[in-house]
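Please look over the structure shown here. The report below goes through its charge pairs, backbone exceptions and surface.

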Amino acid sequence: MQSWPVPQHSSFDSLTGEPVQLKLYDSADGRVKPVEAGKLATMYVCGITPYDATHLGHAATYLTFDLIYRQLKANGHEVHYVQNVTDVDDPLFERAERDNVDWRELGTSQIDLFRSDMEHLSVFPPQDFVGIEESVGEVIDMVSELIEKGAVYAIDDPEYPDLYARISATDQFGYESRFSREEMMEVFAERGGDPDRPGKEDPLDALVWKMARHGEPSWKAPFGEGRPGWHIECSAIARNRLGVPFDIQGGGRDLVFPHHEFSAAHAEAATGVTRMAGHYVHGGMIALDGVKMSKSLGNLVFVSKLVDEGHTPDAIRLSVFAGHYREDRDFSQDLLDKCEDLVKRLSEAVDKPSSMKDADRLVATIREALADDLDTPRAVAAIEQWATVAVNAEGDDLSLEAGTTVKNALDALLGLTLA
């Protein structure tokens, strides 16, 4: 599947300041720790299910991992970034049926819109942007492997003998989320699981292959015609593109369990490694005026609509960066207006002569803040303070080079183009 273009303005060649090792909170270990990546850093981020437009909650997730990508690049790493698209899934089929359109047509239109949104926001694209349709063969191979290892069983259902993965297939199951069994049971059904299905060996066992149903797409496999389960799709894609273990597994906090727990468990059962990723990184949720965004409430804020209304991508990025990525945070028109004002002041400041010492100090502060578990509030506060001083700077020791230095840093590290 085709990704979107690399941001035109983002260049790390002109970035000043010293690299600072990136530290991120790891959900599995429950602490902030250094990202121990080699020359090639590897990152997998779970992608969209393309049945609706990109709202600000989606954008916040991908902006978070765009910052991580940029920090790794700024520190001299090459980055192999993989993202999937769940283009075969029940919500997509249900929306297509509701709207009386072909599910592939609906998926294609929403994937195109997602690409456009990411391009507008200057998000670095994954090198591998992989749909489920194109990777079904990889899932079939992985399911076959897990069957051979005794990690998968067919449910006792004469009509639909679907295949499930045993949570007992790895000794370390549960380490990624650190949920108790009671917590797992509580959220499993809410997030795509089926704990009450008769015939399962354990209520928490996860579907890896759904046998063919009438009216649903299916693919032939040695163990029966059907389609992949949700968790094993990401597991197979990540393993085959990055190998395991890889450095960073990412997504929203709602993916901690069951999705990332099972994706890891499947890969670990297949390969024998004890940990699929070095870091499991999860972002918080976005609310609108204090109310959680949801389709049922009708209060979603769509990136494409904000752009159509004339809001700058820089202001949209800053409105997301105003809060810490791990926190549930609020979006409002007032916040967006303040960010638009900051963009204008920054654009004015970088075009005026200002202090080179202040510019270097700002770049160092941004590097340090972002390396410290993406402390964007600290970085944004420093940027705002610099803009106030730079716009009013006076004296004989001022230089236009200072503004250029800041502009390059804002571009490379934060994706702010000030275009």
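The model is predicted.

**Salt bridges**

The count comes to 30 salt bridges.

| Pair | N to O distance | Relative accessibility |
|---|---|---|
| Asp 162 and Arg 213 | 2.8 Å | Asp 162 1%, Arg 213 18% |
| Asp 373 and Arg 326 | 2.9 Å | Asp 373 3%, Arg 326 32% |
| Asp 334 and Lys 338 | 3.4 Å | Asp 334 45%, Lys 338 52% |

Take the pair of Asp 162 and Arg 213, whose closest N and O atoms are 2.8 Å apart. Asp 162 sits in the loop between strand 6 (152–154) and strand 7, and Arg 213 in the loop between strand 8 (206–211) and strand 9 (226–228), so the bridge ties together parts 51 residues apart in sequence. Asp 162 is buried, at 1% relative accessibility. Arg 213 is buried too, at 18%, because buried means under 20% relative accessible area.

Asp 373 and Arg 326 also meet through their side chains, at 2.9 Å from N to O. Asp 373 belongs to the loop between helix 11 (356–371) and helix 12 (376–391), while Arg 326 belongs to the loop between helix 9 (313–321) and strand 14 (329–331), so this bridge links parts 47 residues apart in sequence. Asp 373 is buried at 3%. Arg 326 is partly exposed at 32%.

Asp 334 and Lys 338 form a salt bridge at 3.4 Å. Both lie in helix 10 (residues 333–350); they are four residues apart, so about one helical turn separates them. Asp 334 is partly exposed at 45%, and Lys 338 is exposed at 52%. Elsewhere, salt bridges with shared partners join Asp 26, Asp 29, Lys 33 and Arg 275 into one network.

**Backbone exceptions**

Which peptide bonds are cis? One joins Val 244 and Pro 245, with omega about 0°. Pro 245 is in the loop between helix 6 (230–242) and strand 10 (246–252). Another runs from Phe 257 to Pro 258, with omega near 5°. Pro 258 is in helix 7 (residues 256–271).

Positive phi values come next. Arg 178 is not a glycine, yet its phi is about 60°. It lies in the loop between strand 7 and helix 5 and is partly exposed, with a relative accessible area of 46%. Leu 374, also a residue other than glycine, has a positive phi near 55°. Its place is the loop between helix 11 and helix 12. Leu 374 is buried, at 1% relative accessibility.

**A buried threonine**

Thr 42 lies in strand 3 (residues 40–45). Is Thr 42 buried or exposed? It is buried, with a relative accessible area of 12%. Leaving aside residues up to four places away in sequence, Thr 42 touches His 80, Leu 242, Phe 246, Asp 247 and Ile 248.

**Surface**

Glu 182, Glu 183, Glu 186 and Glu 190 form a negative surface patch. Glu 182 lies in helix 5 (residues 181–188) and is exposed, with a relative accessible area of 59%.

Ser 168 is in the loop between strand 7 (163–165) and helix 5. Ser 168 is exposed, at 56%. How far apart are Ser 168 and Thr 388 in space? Their C-alpha atoms are 58 Å apart, and the two residues are 220 apart in sequence.

Technical notes: Residues numbered from 1 in each chain as written. Predicted model: local features only at pLDDT ≥ 70, side-chain atom pairs only at ≥ 80, totals over all residues. Heavy atoms only, no water. Patch = residues over 30% accessible without salt bridge, like charges linked within 9 Å, V, L, I, M, F, W, Y side chains within 5 Å. Areas by Shrake-Rupley, 256 points an atom, 1.4 Å probe, with all protein chains shown as cover. Salt bridge = Lys/Arg side-chain N within 4 Å of Asp/Glu carboxyl O. Lys, Arg positive; Asp, Glu negative; His and termini not counted. Charge placed at Lys NZ, Arg CZ, Asp CG, Glu CD. Helix = DSSP H or I, 4+ residues; strand = E, 2+ residues; numbered from the N terminus. Buried < 20%, exposed > 50% of the residue type's maximum accessible area, 1.4 Å probe, protein only. Contact = heavy atoms within 4.5 Å.
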